[in-house]
Amino acid sequence: MKRIVSGIKPSGTLTLGNYIGAIRQFVQLQQTLSDTEFFLFVADMHAITVEQDPAQLKKHIREIAAMYLAAGLDQDKTVLFIQSEIQEHVELGYLLQSLTYMGELERMTQYKDKAKKQETGITSALFTYPVLMAADIILYDADYVPVGEDQKQHLEITRDIATRFNNRYGSFFKIPEPIIPKIGARIMDLQNPEQKMSKSSSSDKGYIALLDDPKVITKKIKSAVTDSYGKVQYDPINQPGVANLLQIYATLTNQEIDTIVDQYQTLGYKNFKEDLAVVVVDTLVPIQKKYQEILASNLLDHILDQGRTRAQEIAVKKLTKCKRLIGLGR
Ligand code: AQP
């Protein structure tokens, strides 16, 4: 049996980027891979690497857990849990820090980007974030980790840390492989297509929240930044806005980008955007309905309790052995 591990941090409301780059991918993998179990978690310990309002954080934790299910994940194949409820993540994260070099962490693009935006109040937890992420993954001996393009570097450092541990203490951690979608791995901000669509973005105009009202979705797509070429064609360098919209269209309809370009190249941006808005609304409205049903039931807590028990079982055993190998304790 193979194991897939992945998480999403509750640092804001989920966006279409999270859906296309992560959640939708999990659902598709579940439908195509047999003999694979999915360990999916809400990465709340990662969210606090930047300041969070406690009430909002709680809300976003539930939102992500419910959204995993609403998007179509099969409960029978999924161990769904909250990261902070399994304390072994943090403990292993600390142990792995003793195998991680400052220089490696200083090279992390996401840290550099976030630190640049923040200027003051950069926490040491933001700096060591990739080490906790490594712990999240190798604690469960993940075979594969499906991620968007932005997390590729973090997965590489995970592999390096795990390999270093194995070289020092003997073969113990599985070295995980990334799964990165061919298209949709990096959905861009609608107002600034040079930047990744992010849930913690300062303006909500740049992202489509999975819980946005259909009218809001339509408005955001219609006002997405394009260019003066006026022709629908796939040219990420010169027409990044249109290229981004094409990626969204292609992933949500499972079509090739060329097919969509053929359909719209003589029709102009207005028609293209109107149809794209329909595609996005038609994708999200059923998920939103399911989401409300899940939140109104007590199913979510039941599933999260079960997930915690199963995850803990594995995590405790793995960490105990790990500490023994390092020589800690009596
Ligand atoms: N724009 C994106 N396009 C494709 N995939 C994306 N992911 C995030 N944004 C995009 C993927 O979603 C998963 C969960 O990400 P995360 O919440 O753990 O961290 P993140 O990548 O930092 O996401 P955000 O939305 O940008 O959060 P903030 O704003 O808080 O930093 C990952 O698999 C990620 O690749």
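Predicted model: local features only at pLDDT ≥ 70, side-chain atom pairs only at ≥ 80, totals over all residues.

Entry 1: I searched the interface of domain 1 and domain 2 for salt bridges and found 0; the rule asks for a side-chain nitrogen of Lys or Arg within 4 Å of a carboxyl oxygen of Asp or Glu.

Residues are numbered from 1 along each chain as its sequence is written, and side-chain values use heavy atoms, with hydrogens and water left out.

**Entry 2: the domain 1 side.** I asked which elements give two or more residues to the side of domain 1 that touches domain 2; they are helix H1 (16-32) and helix H3 (54-70). Helices (H or I, at least four residues) and strands (E, at least two) are DSSP runs, numbered from the N terminus. H1 gives the largest share of that side, 6 residues. By class, the side of domain 1 that touches domain 2 holds 10 nonpolar, 4 polar and 2 charged residues.

**Entry 3: extent of the interface.** I recorded the division of the chain as domain 1 (2-185 + 298-326) and domain 2 (204-292), with bounds from an automatic or database domain assignment. In domain 1, 16 residues are in contact with 19 residues of domain 2 (heavy atoms within 4.5 Å). Together the two domains bury about 1500 Å², 75% of it on carbon and sulfur atoms; buried area is the accessible area (1.4 Å probe) that two parts lose on being put together, summed over both. Leu-16, Met-67 and Ile-183 supply 36% of the area that domain 1 buries against domain 2, more than any other three residues.

**Entry 4: a salt bridge elsewhere.** I searched the whole structure and found 16 salt bridges. In one of them, Lys-174 pairs with Asp-143, the closest N and O atoms being 3.1 Å apart. Lys-174 lies in the loop between H8 and strand E5 (177-179) and Asp-143 in the loop between helix H7 (124-138) and strand E4 (144-146), so the pair ties together parts 31 residues apart in sequence.

**Entry 5: backbone.** Asp-141, in the loop between H7 and E4, has phi near 50°. Asn-254, in the loop between helix H10 (240-253) and helix H11 (257-264), has a phi of about 55°.

Technical notes: Nonpolar A, V, L, I, M, F, W, Y, C, P; charged D, E, K, R; others polar.
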